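Try each one before reading its solution.

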Amino acid sequence: MASNSVLYRCSLVSYQYTSAATIIVGRRTVAISGNGFRACKPIRLARNCCSYSCSYPNPNDSAFVVANDEKYGNKQNISLTPRLYDYILSNVREPEILRQLREETASMRGSQMQVSPDQAQLLAMLVQILGAKRCIELGVYTGYSSLAVALVLPDSACLVACERDAKSLEVAKKYYELAGVSHKVDVKHGMAADILKSLILNGESCSYDFAFVDAEKRMNQEYFELLLQLVRVDGVIVIDNVLWHGKVADPLQVNDAKTVSIRSFNKNIMEDPRVSISMVPIGDGMTICRKR
Ligand SMILES: C[S@@+](CC[C@H](N)C(=O)[O-])C[C@H]1O[C@@H](n2cnc3c(N)ncnc32)[C@H](O)[C@@H]1O
């Protein structure tokens, strides 16, 4: 450990892309200002959380966190500070039309729900690597993630975009038009599970290459079961918010219905032999599943 390092007890550094951030240090919640970040709800410190050593005296600067727990072999992990996250975002190639949509959505209710530019870029890349032609998204909101996917789909491809809220769908449809991708997006207004069931009844099982799940979190297990029917072998299902602002890792103190449900879903998926998985700490956490 560097001689000027400071030992912090912290449960999580939690950021969202808009205007400030918080870190919990000891018993205090410290607000960190930084361009482009929004303050998150502070997460209470677990009594038994492990200690982390940060190699800078200012938590705003500490990019590396070392878990002191022998169990992890003192592995160094990146702790995403506002500065580092700014750096990551400055290395995202966000198409102009997505930037416009993000800015229009920023003043709307629920704008924090939108995936971050780095997440959208990852989704688009997965679709490209897969050579996906048939995709599904559950939870469109104003269309940021679906537009990122539609932009990289070939003209003959299709994205089934499911959303229950008609008002936010209007914004999404406007941007599909502006981006010239409307012909690739099949907008479905309704409840995600019902739409998936109707696709199955329509004989579309095993015909999809890619699915992104970002709707009602407590329905994730049901969405996943339906999507496993709709996606082909070697197809990919990505689930968002699997870290749920870090609450999933604090079972001693955080047990609200949504957190318990996401925690239970994560456990089920971890033990599910039907898929290979990778939980990625990007945004609020995404699990990438490949159907075996
Ligand atoms: C987290 S937001 C989606 C954000 C979007 N992926 C983006 O990047 O902009 C979740 C959306 O799911 C929608 N939603 C929630 N429950 C739903 C359901 N049961 N069926 C369809 N849509 C649902 C909400 O109305 C909301 O717009």
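**Exercise 1.** Work out whether helix α4 (residues 144-152) is mostly covered or mostly open, and list its buried residues.

*Solution.* Keep in mind that this is a predicted model. Start with the count: seven of the nine residues in α4 are buried, so the helix is mostly covered.

**Exercise 2.** Take L147 and find what it touches beyond its neighbours within four places in sequence.

*Solution.* First, the contacts: L147 meets I97, L98, L101, Y175, Y176, A179 and V181. Then look at the wider setting. The largest nonpolar core holds 60 residues, and L147 is among those with the most contacts inside it, along with C135, A211, L227 and I237.

**Exercise 3.** Describe how helix α2 (residues 96-106) packs against α4.

*Solution.* Get the geometry first: the angle is about 170°, and the axes are 10 Å apart. Because that angle is over 145 degrees, α2 counts as roughly antiparallel to α4. Now the residues: α2 brings I97, L98, L101, R102 and T105, while α4 brings Y144, L147 and A148. Sorted by class, this contact has six nonpolar, one polar and one charged residues.

**Exercise 4.** Which residues come nearest to the ligand, and which classes make up the shell around it?

*Solution.* Of the 20 residues around the ligand, M113, G139, Y141, S145 and E216 come nearest. The elements giving two or more residues to this shell are α4 and β8 (158-163). By class, the shell splits into 10 nonpolar, five polar and five charged residues.

Notes:
Residues are numbered from 1 along each chain as its sequence is written. This is a predicted model: local features need pLDDT of at least 70, side-chain atom pairs count only at pLDDT 80 or more; totals for chains, interfaces and linings use all residues. A nonpolar core is a set of buried Ala, Val, Leu, Ile, Met, Phe, Trp, Tyr and Cys residues joined through C-beta atoms within 7 Å. A residue is buried if 20 or more other C-beta atoms lie within 10 Å of its own, exposed if 12 or fewer, and partly exposed in between; C-beta atoms are placed from the backbone. Two residues are in contact if their C-beta atoms, placed from the backbone, lie within 7 Å. Helices (H or I, at least four residues) and strands (E, at least two) are DSSP runs, numbered from the N terminus. A residue is near a molecule or strand if its C-beta atom, placed from the backbone, lies within 6 Å of it. Ala, Val, Leu, Ile, Met, Phe, Trp, Tyr, Cys and Pro count as nonpolar, Asp, Glu, Lys and Arg as charged, and the others, Gly among them, as polar. Axes are lines fitted to C-alpha atoms, for helices over the stretch in contact, and angles run from 0 to 180 degrees between N-to-C directions. Angles under 35 degrees count as roughly parallel, over 145 as roughly antiparallel, 65 to 115 as roughly perpendicular and the rest as oblique.
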